[in-house]
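Please examine the sequence and the model shown here.

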Amino acid sequence: MEDVVRAHPGMAFEVMDVEDASDVTASAARIIKDHQGLNVLMNNAGIMVAEDLTSDAFSLDVAEDTIATNLLGPIRLTAALLPHLRNQPSATVINVSSGLAFVPLAVTPTYSATKAAIHSYTQSLRFQLRNTSVEVLELAPPAVATDLMPGHAANPNSMPLDAYVSESMTILAAGPASGEIAVDRVKFLRNAEATGQHGKVFDLLNQPH
């Protein structure tokens, strides 16, 4: 972050622990104090870890950390910044969900569940803020070639990052009427339930490799 900020004058960064409610509150207060014109929040922090629910030694540590980061983190930070955002002439909250919000990857059950929860939370947030200056968007990526999970970056089925960014920005610039930024690559997951293909897509996604 320090390197990025040095390379781009005008940028700044703040480090916070999204799993720590008090740190989120304190960090949000500092951000508002230092950046009065802040009008965009993008909730992007997330962890994705495989879990073996059949193991006799199964621990809840991964599940609890995933929920704290992927679900409670965005809820807490949104709550902390929303009074400020509502006072802006125009503001936007972008929550990052996943194609797995709609069809779960069974090997990452808690990750998939948190993204389904983020999708639902975003719908409710959008409805409650419908008569305010705050726009609420959902960014639902497919598998993208990043290091979110081991093997993703090199997986030929992962969408190249530059292509994902380009298509997403095109959708964002056009102003997605549905409030969802969903590239073509993710629509087989996003629309599986509506098209009656949920079971088929679930089986395809979770077939043994």
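Predicted model: local features only at pLDDT ≥ 70, side-chain atom pairs only at ≥ 80, totals over all residues.

Residues are numbered from 1 along each chain as its sequence is written, and side-chain values use heavy atoms, with hydrogens and water left out.

Helices (H or I, at least four residues) and strands (E, at least two) are DSSP runs, numbered from the N terminus. Helix α2 spans residues 21-34 and helix α3 spans residues 61-86; their axes come within 9 Å and cross at roughly 30°. Therefore α2 is roughly parallel to α3, a term for angles under 35 degrees. Such axes are lines fitted to C-alpha atoms, for helices over the stretch in contact, and angles run from 0 to 180 degrees between N-to-C directions. The crossing of α2 and α3 is right-handed, that is, the near helix is turned clockwise from the far one by less than a right angle. In contact (heavy atoms within 4.5 Å), Ala21, Val24, Ala28 and Ile32 of α2 meet Arg76, Leu77, Ala80, Leu81 and His84 of α3. The contact of α2 with α3 has 7 nonpolar, 1 polar and 1 charged residues. Ala, Val, Leu, Ile, Met, Phe, Trp, Tyr, Cys and Pro count as nonpolar, Asp, Glu, Lys and Arg as charged, and the others, Gly among them, as polar.

Next come the spaces within the model. On a 1 Å grid over the protein atoms alone, a cavity is a set of points where a 1.4 Å probe fits but cannot get out, and a pocket is an open set with protein on both sides within 12 Å along at least five of seven lines; lining residues have an atom within 4 Å of a point. The structure holds 1 cavity of 30 Å³ or more. Its lining includes Asn43, Asn70, Asn95 and Lys115.

The largest pocket has about 1100 Å³ of space. It is lined by 40 residues, of which Met48, Pro142, Ala143, Val144 and His152 are the closest to its centre. Helix α5 (161-174) gives the most to this lining, with 3 residues.

The second largest pocket has about 600 Å³ of space. Among its 23 lining residues, Glu14, Met16, Ile31, Leu41 and Leu77 are the closest to its centre. Here α3 gives the most, with 5 residues.

Conventions:
Parallel < 35°, antiparallel > 145°, perpendicular 65-115°, else oblique. Points joined across faces, edges and corners; volume = space filled by probe spheres on them.
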